[in-house]
Amino acid sequence: MPPGMVNWSPLTALPRLLLISPTDYRSAVQKGVASLLADFDEGGFFDRVLIAFPLARTSCQEWVSPTVLVEDMGTDWMPFEGRWRWLRRAASPFHIVRAVLRMVGAVRRDGYQIVRATDPCFSGMFGWLTARLSGVPLCVSIHADFDKRHALSGASAGATVFGSRRLAKLIEGFVMRRAQLVLPIRESLTPYALTLGVKPERIRVIPHGTDLTAFVTPS
């Protein structure tokens with residue numbers, strides 16, 4: 001087991017998870033997939049889950065299940081938000097600090113023992129800062145080969161920072177090398193993590209599961 005990870009057993013208290021995503025809850029509602037967020041308690045493995053969206057435009061909090069709380073940490077706290085795009089971008093470091101401090105506060109107040117980032121760049125940097133300041137382990141999910149996404153679709157693939165793939169990749173490598181666990185969703189993404197300097201013993205492939213009950217069980 002990688003250093004820093006907690007060895008949970010049925011005899012210990014159930015762990016609590018802080019999950020960080022670069023999307024937002026309101027978009028999930030509009031797409032009709034918000035109910036899926038309740039599944040992040042992993043069938044009751046986690047006692048409580050906070051799903052934080054630090055890059056949201058508007059703020060809200062919503063319990064999607066008795067154990068899963070979602071929070072959009074919007075930029076609407078800024079008095080000039082929505083008026084001048086350039087000013088909003090200039091003030092983004094203040095929002096980053098504010099969001100990280102809110103997540104650190106949640107970890108310390110509510111006892112979240114694990115921070116998980118759903119991508120190695122955008123939520124990954126938020127995750128690393130939060131885990132570092134809170135003293136809890138960080139794990140990072142990899143859902144795609146971002147080099148290939150960028151090669152196919154350029155900046156529109158969401159794999160760049162300020163239009164730079166090189167800068168985004170530097171952040172990805174920085175975060176993943178410091179995570180206690182890196183979680184590719186398929187074996188083919190393992191080489192991507194290895195090329196960025198992740199130690200093999202810190203990689204665990206966690207495939208996305210699909211419930212096929214509706215297709216194999218007669219109604």
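A salt bridge is taken here as a side-chain nitrogen of Lys or Arg lying within 4 Å of a carboxyl oxygen of Asp or Glu. The structure examined is a predicted model, and by this criterion seven salt bridges are counted in it.

One of the salt bridges joins R16 and D47, whose closest N and O atoms are 2.8 Å apart. This pair links distant parts of the chain, 31 residues apart. R16 belongs to strand β1 (residues 16-20), whereas D47 lies in the loop between α1 (25-31) and β2 (48-53). R16 has a relative accessibility of 23% and therefore counts as partly exposed. D47 is likewise assigned to the partly exposed class, because its relative accessible area is 33%.

A salt bridge is also formed between K169 and D147, with a distance of 2.7 Å between the closest N and O atoms. Here, too, distant parts of the chain are linked: K169 is located in helix α6 (residues 165-178) and D147 in helix α5 (residues 146-153), the two being 22 residues apart. With a relative accessible area of 29%, K169 is partly exposed. The value for D147 is 27%, so this residue is partly exposed as well.

The side chains of E172 and R165 meet in a further salt bridge, with an N to O distance of 2.8 Å. Both of these residues, E172 and R165, are buried. The residues D147, R165, K169 and E172 are linked in a network of salt bridges.

Terms used. Residues are numbered from 1 along each chain as its sequence is written. This is a predicted model: local features need pLDDT of at least 70, side-chain atom pairs count only at pLDDT 80 or more; totals for chains, interfaces and linings use all residues. Side-chain values use heavy atoms; hydrogens and water are left out. Helices (H or I, at least four residues) and strands (E, at least two) are DSSP runs, numbered from the N terminus. Buried means under 20% relative accessible area, exposed over 50%, partly exposed in between (1.4 Å probe, protein chains only).
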